[in-house]
Amino acid sequence: MEMNTDFTTHKQMAIDLFNLTWDLIEKQDRTESDDDTMLYAAMSSRYHWGLVGTPLNFARGEWQISRVYAILGRSEAALHHARKSEKLCREHDLGEFDLGFAYEAIARAYALSGDAADQERYMNLALETAEKVETEANRSWLLKNIHSVSSGFIPV
C-alpha cells in the first residue's frame, strides 16, 4: 500500500465531498435525493478526513454534519454531531472561531428541538466566543450564522 497515494486520494475525496455538501446546502430547490446526497457527502467527507486529517478537519466535519442534520430537521442527530465538534474544539484548543461555530450548531439543534432555554444558553456562549475572534471577516461570518439560528435561515 502506497501511503502517499492513499493520503492524497483520501484528502482530495474529503475536500471534494465537503465542497459538494456546501453546494447542496446552498441549493435553493433541493430534492429528496439531493438531501440524501448532502447527508452522505458530509458523512463521507468526515470519514476521509478521519483517515488523513487533523483535529481541525474533524471538528469542521462534525460541524458540517450537524448543519446538514439541522437542515433536514433531525435535531437529535444535529445535537450529537455539534457536541462532537465542541469536544474536538476544546480537547485540541482549536480557537474561538471553530468553538463559536460548535456553540452555534448546538444552539441550532436546541432551537430545532424546541428547547428555548438551552438554545439561549448556547446562543450566548456563541456570541461571547464570537467577540473573541480577531479576524473581522471570520467574526462577521460567525455572527451571521449565530443570528440565523433564531430565524431558521441558513446563511450561504
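Trainee: Is glycine 95 buried, partly exposed or exposed, judged by relative accessibility?

Mentor: This is a predicted model, and the value is computed from it. Glycine 95 counts as partly exposed because its relative accessibility is 29%, and the class in between runs from the buried limit of 20% to the exposed limit of 50%. As for its place in the chain, glycine 95 sits in the loop between α4 (75–91) and α5.

Trainee: How far is glycine 95 from glutamate 134, in sequence and in space?

Mentor: Glycine 95 and glutamate 134 are separated by 39 residues in sequence, and their C-alpha atoms are 10 Å apart in space.

Trainee: What should I look for in the backbone of aspartate 93?

Mentor: Start with the general idea. Most residues other than glycine have a negative phi. Aspartate 93 is not a glycine, yet its phi is positive, at about 45°. Aspartate 93 also belongs to the loop between α4 and α5.

Trainee: Is aspartate 93 buried or exposed?

Mentor: Aspartate 93 counts as exposed, because its relative accessibility is 69% and the exposed class begins over 50%.

Trainee: How do I read the packing of two helices, and what is the case for α3 and α4?

Mentor: Two packed helices are described by the angle between their axes and the distance between the axes. For α3 and α4, the angle is about 160° and the axes are 8 Å apart. An angle over 145 degrees counts as roughly antiparallel, so α3 is roughly antiparallel to α4.

Trainee: Which hand does the crossing of α3 and α4 have?

Mentor: The crossing of α3 and α4 is left-handed.

Trainee: What do the axes of α6 and α7 show when read this way?

Mentor: Helix α6 covers residues 116–130 and helix α7 covers residues 136–151. Their axes come within 10 Å and cross at roughly 165°. α6 and α7 are therefore roughly antiparallel to each other. The crossing of α6 and α7 is left-handed.

Trainee: Where is alanine 130, and is it buried or exposed?

Mentor: Alanine 130 is found in helix α6. Alanine 130 is buried, because its relative accessible area is 0%. From alanine 130 to alanine 77 there are 53 residues in sequence and 24 Å in space, C-alpha to C-alpha.

Trainee: And alanine 109: where is it, and is it buried or exposed?

Mentor: Alanine 109 lies in helix α5. Alanine 109 counts as buried, because its relative accessibility is 2%. Alanine 109 and alanine 126 are 17 residues apart in sequence, with 13 Å between their C-alpha atoms.

Trainee: How many residues of each class does the lining have?

Mentor: The lining of the largest pocket has eight nonpolar residues, one polar and two charged.

How values were computed
Residues numbered from 1 in each chain as written. Predicted model: local features only at pLDDT ≥ 70, side-chain atom pairs only at ≥ 80, totals over all residues. Heavy atoms only, no water. Nonpolar A, V, L, I, M, F, W, Y, C, P; charged D, E, K, R; others polar. Helix = DSSP H or I, 4+ residues; strand = E, 2+ residues; numbered from the N terminus. Buried < 20%, exposed > 50% of the residue type's maximum accessible area, 1.4 Å probe, protein only. Axes fitted to C-alpha atoms, helices over the stretch in contact; angles between N-to-C directions. Parallel < 35°, antiparallel > 145°, perpendicular 65-115°, else oblique. Left-handed = near helix turned anticlockwise from the far one by under 90°.
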